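I opened the notebook to record what I looked up in this model, one place at a time.

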Amino acid sequence: MSGVEVACPGLCHKFAFQRMADKRAPVILWFRRDLRLSDNPALQWALASGRAIVPVHIHDDALEDRPLGAASRWWLHGSLESLARDLSGRGSRLILKSGPAAGALVELAAQTGAGALAFNRLYDPGAAEREALVADMLPDLEIERRAAGWLAEPGSVLTGQGAPYRVFTPFAKAMQATLRLPPLSEAPSNLPAPPYWPDSELLDGWGLRPRSPDWSTGFIGEPGEAGVREQLAAFLADGLAAYPVARDAPGDEAGTSRLSPRLRFGEIAPWRALAAARAVAERRPGLSVAASKFAAELAWRDFAAHLLFHFPTMAGANMRPAFDDMEWRDDPAGLAAWKTGMTGYPIVDAGMRQLWETGWMHNRVRMIVASFLVKDLLIDWRVGEAWFWDCLVDADPASNTMNWQWAAGTGVDAAPYFRVFNPTLQGERFDANGAYVRRWVPELAALPDRWIHRPADAPPAVRDAADLVLGRDYPLPIVDHAQARTRALEAWRRLK
DNA sequence: TGAAATGTTGGGGCG
DNA sequence: ACGCCCCAACATTTC
């Protein structure tokens, strides 16, 4: 035996040569946002190496990454539970460690006598530096980095001049033109175990899930790779045909894929979702348009990661610096009304309550509530972004900031400043029968369709019949939209 | 991945 | 019969 059994970090270097030479020394498989056993390039490399595999997840809630929001922590807990279960069923384990990552990996390498480290790369601000630091601190280990999170690796899609794309459509075309999807791979039936297992922390000890009060009882979805294939298949079978329309209809439960948190935590590879959609379109040509729409949404996810990779300041700073002079309003009461779904605009309130209760919000409604916060209330998009970050199970560093900058008009390919959503008209257009509002704002449920999105305009007799007293059962609109629109246009114009 | 204001057109009521 | 007006309906412009 070589020095692999020595668990003392101080002695690592002494045995470095032996470990490098020993192809039997285990490989540490570092799980991060790739919590799956199928379609996992780092895992495939580890398996192909023939070494024993030590799977690990490192939790660092403050020192490195932006701390996860509460809803995302809830999802992460479930996803890790599922991954640990799947590993246990394959003769393996999931080792849990607290960060910072570099220190935890050095310790783990010493404890296991590992000879290699494999992981799938991330591309958030600082990710490359942290990965380089890990490599620096483990000079004796073979380091294998793979790409697993996006259709095209962020940074790999460039214009003819070698510059990053700033507009979605040309980006999507260029990505499409060069796209090479990896072959699909199933989870292995067995992962070779190391001679002995290092200590692991306890998942429950991380406190990722709320105790008292438990606000997660209404959360939707079963985290983990286990159910993701069925969910995808069900969506493609039942939802894809209606997707081009239904993805804009918040009242249609089956209208979206609901894959966002699963992609966020890597429970499914995006190329598997894309390949499955293409396969359906192949069998049923009538669905090819719908499949393309779905593919476009996946491409948006890639575009966001691509933008954040090239413009890391996007996470907190306006992409268009002219907006640094914007006079955002400080409006604690308005903000509180927005967060709690008490603005008096039914579609806005329905969305904010769905978010709070389920950890998810329909995409169309995300745009509506974002426009309302930024344009009607003139509150800084970063305030809304932070709320989404905390409340969404799918909160993604790239998508969240890109989309908020889009809504605020501060992004490079953003909605023009004069595009102000009218929450009443948006509600009437996309929730015409009021099903979404009735579900999430039950105090309005008895109003007829004609008035469900404009309760303040309803004749008194109609409100009486619905036993609805505005200001008592449901708030009056906290702003007059027409006035708020004018105010927003003036504020935006002052920037020019 | 808008909405509102403004302009144009054409059918029909009416004197 | 004819011109005038009203006003949807649609198109264009503006924010």
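I looked up Leu378 and found its place in the loop between helix 14 (363–376) and helix 15 (381–391); helices here are DSSP runs of H or I with at least four residues, strands are runs of E with at least two, and both are numbered from the N terminus. The phi of Leu378 is near 55°, a positive value in a residue other than glycine. Leu378 is also buried, with 20 other C-beta atoms within 10 Å; I call a residue buried if 20 or more other C-beta atoms lie within 10 Å of its own, exposed if 12 or fewer, and partly exposed in between, with C-beta atoms placed from the backbone.

A note on what I am reading: this is a predicted model, in which local features need pLDDT of at least 70 and side-chain atom pairs count only at pLDDT 80 or more, while totals for chains, interfaces and linings use all residues. Residues are numbered from 1 along each chain as its sequence is written, and chains are lettered from A and ligands numbered from 1 in the order in which they are written.

I then turned to Asp39, which has a positive phi of about 50° although it is not a glycine. Asp39 sits in the loop between strand 1 (27–31) and helix 2 (41–49), and it is buried, with 23 other C-beta atoms within 10 Å. For context I noted that most residues other than glycine have a negative phi, and that most peptide bonds are trans.

Which peptide bonds are cis, with omega near 5° or about 0°? One is the bond from Gly99 to Pro100, with omega near 5°, and Pro100 lies in the loop between strand 3 (95–98) and helix 4 (101–112). Another joins Ser212 and Pro213, where omega is about 0°; Pro213 is in the loop between helix 6 (168–178) and helix 7.

I followed the chain into helix 7 (residues 228–239), where Val228, Phe235, Leu236 and Gly239 are buried. Seen down the axis of helix 7, these buried residues fall within an arc of 115°, so they line one face of the helix; the arc is that of the directions from the helix axis to the C-beta atoms. On the other side of helix 7, I found Glu230, Ala233, Ala237 and Asp238 exposed. The cover over the buried residues of helix 7 includes helix 8 (243–246), helix 9 (260–264) and helix 10 (270–283), where contact requires the C-beta atoms of two residues, placed from the backbone, to lie within 7 Å.

Next I asked which residues surround DNA strand B. The surrounding residues are Trp300, Met367, Ala415, Phe418, Arg419, Val420, Phe421, Asn422, Leu425 and Gln426, each with its C-beta atom, placed from the backbone, within 6 Å of the strand. This surface near DNA strand B divides into 7 nonpolar, 2 polar and 1 charged residues; Ala, Val, Leu, Ile, Met, Phe, Trp, Tyr, Cys and Pro count as nonpolar, Asp, Glu, Lys and Arg as charged, and the others, Gly among them, as polar.

I also looked up Ala118, which is in strand 4 (residues 116–120) and is buried, with 25 other C-beta atoms within 10 Å. Leaving out residues up to four places away in sequence, Ala118 touches Val27, Leu29, Ala42, Trp45, Ala46 and Glu144.

Finally I stepped back to chain A, which is divided into domain 1 (3–148), domain 2 (149–182 + 225–310) and domain 3 (321–494), with bounds that come from an automatic or database domain assignment. The contact between domain 1 and domain 2 takes 17 residues from domain 1 and 15 residues from domain 2. Helix 3 (residues 70–88) gives the most to the domain 1 side of this contact, with 6 residues.
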